[in-house]
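Okay, thanks everyone, let's get going.

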Amino acid sequence: EFVASSYAIQSGIAGLDASQLADFTRASNVLAKATKADAATMTNYAGTMYGIFKQQADAQGKSSWIEDVAGKSAYAIQIFKTSGTEMSAAFTALGANATSSGIKLEEQMAILGKLQATMSGSEAGTKYKAFLAGVGQAQKELGLKFTDGQGRMLLDKLKKKYGALDVLADSDLIKKAFGSDEAVSMLKLLIQDTGGLADNIKALEDIKGMGKAEAMARKMVDPFHKLNAALNTVSAAWWQKLLPP
């Protein structure tokens, strides 16, 4: 699986040198183990994330960036009680729409994670995408600005004016402004706890490296498999010594 995912990454991401290829392969496989996903899914996830955040990855350094992504993803998957497979589906459905609007990785991950509390990953990505598609028109219709200089959604402004959107007339107004039921559904869920969303974003921003993913992966390891692997390693070492004679 490790070798196969290495080949898939090399085929899917152009320009990786040998060291970066090793780092991408290791990060995606550790993340797969940590989140109970298969190696192929998380290899695709690594490729998807690089495609979406290529500018950031190249500026930061590809190896350092993929380790950060693995750590942040593991944390998000744990606190939002989702899975690696679902988070991968969420980002695949969302694509680069949020990134092109200036929204940071951590905010995207926190929003997609929050939405997955009540829906699948692909549905979360679709709803977020619908919100972004209608946000320009909605700002004009409602007379509110939803994004600040960093692209962060200012849900508090909407909450202050319309509350939790539990009044039918307000929901209809928001639907008309955004042009879709998906956007309204997303807003209704997120607006209930804007403070919690801000805390989640901050927590994700503070994570550096893949320590969180490694710690979670270790807990998933079957001790008998580990012992068997150790015995295989010892056996291979002995035969390597004996082969020349």
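**A walk around the model**

Let me begin with lysine 127, which counts as buried, at 9% relative accessibility. Keep in mind that this is a predicted model. So who does lysine 127 pair with? Its partner is glutamate 123, in a salt bridge whose closest N and O atoms are 2.9 Å apart. Both sit in helix H9, residues 121-142, and because they are four residues apart there, about one helical turn separates them. Glutamate 123 is partly exposed, with a relative accessible area of 35%. The cut-off for buried is under 20%, so at 9% lysine 127 falls on the buried side.

While we're on charges: how many salt bridges does the structure hold? Nine. One of them joins glutamate 214 to arginine 26, with the closest N and O atoms 2.4 Å apart. That pair links distant parts of the chain, since glutamate 214 is in helix H14 (residues 211-220) and arginine 26 is in helix H2, 188 residues apart. Both ends are partly exposed: glutamate 214 is at 21% relative accessibility, and arginine 26 has a relative accessible area of 35%.

Next, lysine 104 and glutamate 205. Their side chains meet in a salt bridge, 2.8 Å from N to O. Lysine 104 is in the loop between helix H7 (97-100) and helix H8 (105-115), while glutamate 205 is in helix H13 (residues 194-206), so this pair ties together parts that are 101 residues apart in sequence. Lysine 104 is partly exposed too, at 36% relative accessible area.

Okay, on to the inside. Which helices supply at least two residues each to its lining? Those are H2 (18-34), H3 (39-52) and H5. The lining residues include Leu31, Met42, Tyr45, Ile66 and Val69, along with Ala27 and Ser28.

As a reminder, most residues other than glycine have a negative phi. Lysine 36 has a positive phi of about 60° although it is not a glycine. You'll find lysine 36 in the loop between H2 and H3, and at 67% relative accessibility it counts as exposed. Lysine 81 also has a positive phi, about 55°. That one is in the loop between H5 and helix H6 (84-94), and lysine 81 is exposed as well, at 74% relative accessibility.

Let's look at the outside. Which residues make the nonpolar surface patch of about 500 Å²? They are Val234, Trp238, Trp239 and Leu242. Tryptophan 239 lies in helix H15, residues 223-242. With a relative accessible area of 56%, tryptophan 239 is exposed.

Last thing, confidence. The protein averages a pLDDT of 88, and 94% of the residues score at least 70. Which element has the lowest mean pLDDT? That's helix H10 (residues 155-162), at 75, whereas helix H5 (residues 62-79) has the highest, at 96. Where pLDDT is low, the predicted coordinates should not be read in detail. And that's me done, so over to you for questions.

Terms used: Residues are numbered from 1 along each chain as its sequence is written. This is a predicted model: local features need pLDDT of at least 70, side-chain atom pairs count only at pLDDT 80 or more; totals for chains, interfaces and linings use all residues. Side-chain values use heavy atoms; hydrogens and water are left out. Patches are made of residues with over 30% relative accessible area and no salt bridge: like charges are joined within 9 Å, nonpolar side chains (Val, Leu, Ile, Met, Phe, Trp, Tyr) within 5 Å. Accessible areas come from the Shrake-Rupley method with a 1.4 Å probe; for residues, only the protein chains shown count as cover. A salt bridge is a side-chain nitrogen of Lys or Arg within 4 Å of a carboxyl oxygen of Asp or Glu. Buried means under 20% relative accessible area, exposed over 50%, partly exposed in between (1.4 Å probe, protein chains only). pLDDT is the predictor's confidence in each residue, from 0 to 100. On a 1 Å grid over the protein atoms alone, a cavity is a set of points where a 1.4 Å probe fits but cannot get out, and a pocket is an open set with protein on both sides within 12 Å along at least five of seven lines; lining residues have an atom within 4 Å of a point.
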